[in-house]
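Hi there,

Here is the structure we talked about, ready for you to open. My notes on it follow below.

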Amino acid sequence: MLTRASYAGGQRYAATWTGDDSATWNHLRLTTSMLKNLGLSGFSLAGADVGGYAGTPSPELLTKWIEIAAFQPIDRDHAEKGTGDHEPWANGPEQEEIRRHFIEERYKLLPYLYTVMEEGARTGLPLLRPIFLEFPDAAADRRPIDVDLTASGEFMVGPDLLVAAPPFPDKANDYDAELPSAGWYDFWTGKRLEDVHQQAAAGGLQPEAAAGATLTTLRIHPELATLPVFVRPGAILPTEPLVQSTEEKPQGPLTLRVFPGQNCSGELYQDDGATFAYKRGEFLRMHFTCAMLPGGSGLAIHIGKHEGSYPAWWKEIVVEVNGLPKQPASATVNGRSSRVTSNGQAFTLDAPDPGTGIEIVVHSGAE
């Protein structure tokens with residue numbers, strides 16, 4: 001059930017959307033603040049009509065709206081009869097390719113998104129949340145940064161992702177993205193911000209950056225094909241192989257993207273997505289942690305056992321670790337030597353998943 005009229009507590013019975021919006025840049029801009037407020041009011045499963053319900057969006061507006069909506073709870077491209085084409089493949093191959101990239105990234109992130117939505121069902125914490133919910137006193141004067149105009153387009157996706165959309169998405173002006181702490185990673189490249197400062201990343205980041213007491217500011221040059229997204233240090237993000245539908249079973253391994261930092265942890269929750277069988281224990285829950293070895297000599301990763309009776313769709317787990325100061329020299333999986341591959345920025349290793357838990361130790365080599 002999907003409704004636009006509701007009441008306190010109505011989120012228990014229906015999802016909601018922001019109403020019949022228009023195909024304008026201002027309505028795209030308003031979407032973020034509306035979804036933040038809906039989330040704080042208990043309505044986590046919410047979204048907007050992507051591209052605008054009334055009117056026909058320009059190709060650039062539809063593309064940017066699809067990019068931002070890929071990280072919002074409900075991603076629904078929808079319009080009234082008589083409007084121009086809103087489909088992702090409208091407006092030519094160049095626009096289609098950009099939109100495809102972001103839609104596919106959403107599908108890969110489904111394990112993380114579903115896990116956070118299950119958390120919301122238990123605790124009320126929304127998927128799309130204002131930054132102050134995680135970082136209430138990020139600025140040097142201990143104020144939340146959500147009140148800053150430059151950060152008005154930003155939002156958290158669960159506890160670990162921050163989307164730094166421009167405050168005015170129709171403007172070509174450079175803008176400052178405010179991050180509520182230090183050490184964040186570029187979601188697209190896996191690079192730590194310290195590395196991004198040295199060379200511009202694909203998301204339009206510029207080398208100029210200044211860090212305050214707890215606040216990090218990045219100068220960003222907006223581009224149509226990019227959207228700056230950052231990962232909280234200490235996050236472990238579960239992702240899956242690309243599928244074309246939520247009804248399609250992923251083929252291949254589960255991937256854990258590890259971003260070392262303090263309190264490094266992550267979680268995965270799965271069920272059939274359609275019934276109440278999870279109430280009878282037919283769910284799958286896993287916990288992950290990582291910790292640096294003494295002296296920075298490596299990294300220890302713990303992959304917890306399977307909890308619940310719902311079967312995993314994977315047989316193998318790929319662990320991708322970003323941002324280690326030294327390249328790995330060797331690794332063990334449950335005490336046995338394992339092959340490690342590296343691309344210079346991240347390293348990966350494969351591990352069979354017996355469901356009883358996995359202990360991985362990576363030993364660093366030379367700088």
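There are 10 aromatic pairs in this predicted model. One of them joins Phe 102 and Trp 188: the ring centres are 5.5 Å apart and the planes stand at 80 degrees, over the 60 that the class requires, so the pair is edge-to-face. Phe 102 belongs to helix α3 (residues 93–108), while Trp 188 sits in the loop between β9 (185–186) and α5 (193–196), so the contact ties together parts that are 86 residues apart in sequence. Phe 102 is buried, at 2% relative accessibility, whereas Trp 188 is partly exposed at 24%.

Another pair is formed by Tyr 269 and Phe 283, and it counts as stacked because the planes are at 20 degrees, with the centres 6.0 Å apart. Tyr 269 is in strand β15 (residues 265–270) and Phe 283 in the loop between β15 and β16 (284–292), 14 residues apart. Here Tyr 269 is buried at 3% relative accessibility, and Phe 283 is partly exposed at 22%.

Back to Phe 102 and Trp 188: ring pairs link them with Phe 71 and Phe 187 into a cluster. Phe 187 also has Arg 257 over its face, at 5.1 Å from the ring centre. Elsewhere, the charged end of Arg 76 sits over the ring of Trp 17, 5.5 Å from its centre.

The structure has two of 30 Å³ or more.

Best wishes

Conventions. Residues numbered from 1 in each chain as written. Predicted model: local features only at pLDDT ≥ 70, side-chain atom pairs only at ≥ 80, totals over all residues. Heavy atoms only, no water. 1 Å grid on protein atoms, 1.4 Å probe; cavity = no way out; pocket = protein on both sides within 12 Å on 5 of 7 lines; lining within 4 Å. Points joined across faces, edges and corners; volume = space filled by probe spheres on them. Phe/Tyr/Trp six-rings, centres within 6.5 Å; stacked < 30°, edge-to-face > 60°. Helix = DSSP H or I, 4+ residues; strand = E, 2+ residues; numbered from the N terminus. Buried < 20%, exposed > 50% of the residue type's maximum accessible area, 1.4 Å probe, protein only. Lys NZ or Arg CZ within 6 Å of the ring centre and 35° of its normal.
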